[in-house]
Amino acid sequence: MSDSPVDPENVRHVAGLARVNLDDAELEEFTEQFADILAYFEALDDVPEVEATSELVNVMRSDEVHDGLSQQEALRNAPETEDGFFKGPSVS
Amino acid sequence: MSSEHNSFITEASVDGSDDGPLAGKTIAIKDNISTEGVRTTCGSAMLADYVPPYNATVVDRVLAAGARVVGKANMDEFGMGGTTETSAFGVVENPAAPGHVPGGSSGGSAAAVAAGEADLALGTDTGGSVRNPAAFCGVVGIKPTYGLVSRYGIVAYANSLEQVGPLANSVEEAALLLDVVAGSDPHDATTNDGGDDSNYADAADGNVEGLTIGVITDLLEGADEEVVDAFQCSLDDLEAQGAELTEVSLDSLEHAVQAYYVIAMSEASSNLARFDGVRYGPDVESDGNWNDSFAAVREEGFGPEVKRRILLGTYALSAGYHDKYYKKAQNARAWVKQDFDEAFESVDVLASPTMPVTPPVLGESLDDPLQLYLMDANTVPVNLANLPAISVPAGDVDGLPVGLQLIGPKFGEETIIRAASAAEQ
């Protein structure tokens, strides 16, 4: 689509926001598919504003201590741990 | 691969208690439902080695009811797909239609039941993921009213839409499994008491005398002619048993698929942010900083459909597009809900074919994601409106199964179970 708002730079930008690296083939494929899918979503413009009565209520619980996972259980699936902590990449 | 149809990602044998309503029954658990000590992959390379330290509430409940867990069922990656072909653990063959997909995303659950590898199965239904494979594999599947069943221990895809649902070979067995898993749970604040002390199994009595069924004409327009013929046959059968048929049209449904995908993708982009390779996930070497490392793990761990949905969801929520996509989709959702509420003022249940098509041939669907999304036209409105629905076999087209979908009002599980039990062939 020639007037498509989607170009490879947009897709790369969104992939950056979502923290997902894409290779060139994926970038090309997604650019084409996103144009189709977003064009299809355009039809939402015809939806009228609807007064929705919310059925939602707050659900509260008392502030009491319960058993949770042990430190060992919580760390069990981590690729890397150190001294009982998760080990992540450097921040800067 | 383990089973003949690749229904299971992991085979297991976890015994339940000695007695209970499910004693002696075997059950398959979809692999996005946490099982303590048994790996739970969500069909993704991201969680290929993930072993949950606790059971989902629904798993505790089926074990306490006496069922034996025989395996973790294959599925579309994180529930994102309608054919089970996006699984990182290989495709599942439809036992009822060899060479065809089993549907999805709970394709392994439906296939395990259809092939007799398990008596019962649990799946999850975010936009049709229990009803779609039930229809394609010729078994029964129920999507409960939102909040009827606990989601504690389910790996989240789109929280506001998804529910755990039962699959079985008969309406009564599916209803019995729903009795076991339904009911409020202090661990999930979105549960309600609508399913406490339920007795859905007893509602499968086949009595539809005087029941009013509204046929949703909007959902016949895009369906294959042969599918509509099979659907019509099962309606005629219900009419012969004393049900009353009428036609219903819901204008909002034209926008349901768009609204569903915008909302589901937006929620997915937020939910799947947790997969950063620190607490779980593959150990990927990266020299860069925090952000570079995350992006590298996520490139490796996620398959194409999951990336597609995360990116589109991120886009729909990003500055400048939120009002255009997300807010409009929420309006459409409220509209759909309103349309259903109005329809239920004059009918007891609504009916449509579960799927507008018969199961596609394996390997033919993934090239065009938009076409796959359109296949969900008949199932997603139910999730948007938080309603219960059941898919029950309604014959076949040249050997390919067709499903009849019956939709009820909020907490109308008994009514749809009763109607489905009459439609059972």
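A: A residue is buried if 20 or more other C-beta atoms lie within 10 Å of its own. Keep that in mind here, since this is a predicted model.

Q: Which residues lie on each side of S2(B)?

A: Thr26(B), Ala28(B) and Lys30(B) are on one side. Ile27(B) and Ile29(B) are on the other. Both faces are covered.

Q: In which sense do S2(B) and S3(B) pair?

A: Two strands pair if DSSP finds at least two bridges between them. S2(B) and S3(B), residues 68-73, have 5 bridges and pair in the parallel sense. Lys30(B), buried in S2(B), has Ala73(B) as its bridge partner in S3(B).

Q: What do S2(B), helix H1 and S3(B) make?

A: They make a right-handed β-α-β unit, with helix H1 of chain B at residues 57-64.

Q: How many bridges join S2(B) to strand S4 of chain B?

A: There are 3 bridges, and S2(B) and S4(B), residues 120-125, run parallel. Ala28(B) stands opposite Ala121(B).

Q: Now the two chains. At what angle do the axes of H2(A) and H8(B) cross?

A: Angles under 35 degrees count as roughly parallel, and 65 to 115 as roughly perpendicular. Helix H2 (residues 24-41) of chain A and helix H8 (residues 304-317) of chain B cross at roughly 55°, so they are oblique to each other. Their axes come within 11 Å. The crossing is right-handed.

Q: Which residues make the contact?

A: H2(A) contributes Glu26(A), Phe30(A), Gln33(A), Phe34(A) and Ile37(A). H8(B) contributes Pro304(B), Arg308(B), Leu311(B) and Leu312(B).

Definitions and conventions:
Residues numbered from 1 in each chain as written. Chains lettered and ligands numbered in written order. Predicted model: local features only at pLDDT ≥ 70, side-chain atom pairs only at ≥ 80, totals over all residues. Buried ≥ 20, exposed ≤ 12 C-beta atoms within 10 Å, placed from the backbone. Helix = DSSP H or I, 4+ residues; strand = E, 2+ residues; numbered from the N terminus. Right-handed = clockwise from strand over helix to strand, strands pointing away. Axes fitted to C-alpha atoms, helices over the stretch in contact; angles between N-to-C directions. Parallel < 35°, antiparallel > 145°, perpendicular 65-115°, else oblique. Left-handed = near helix turned anticlockwise from the far one by under 90°. Contact = placed C-beta atoms within 7 Å.
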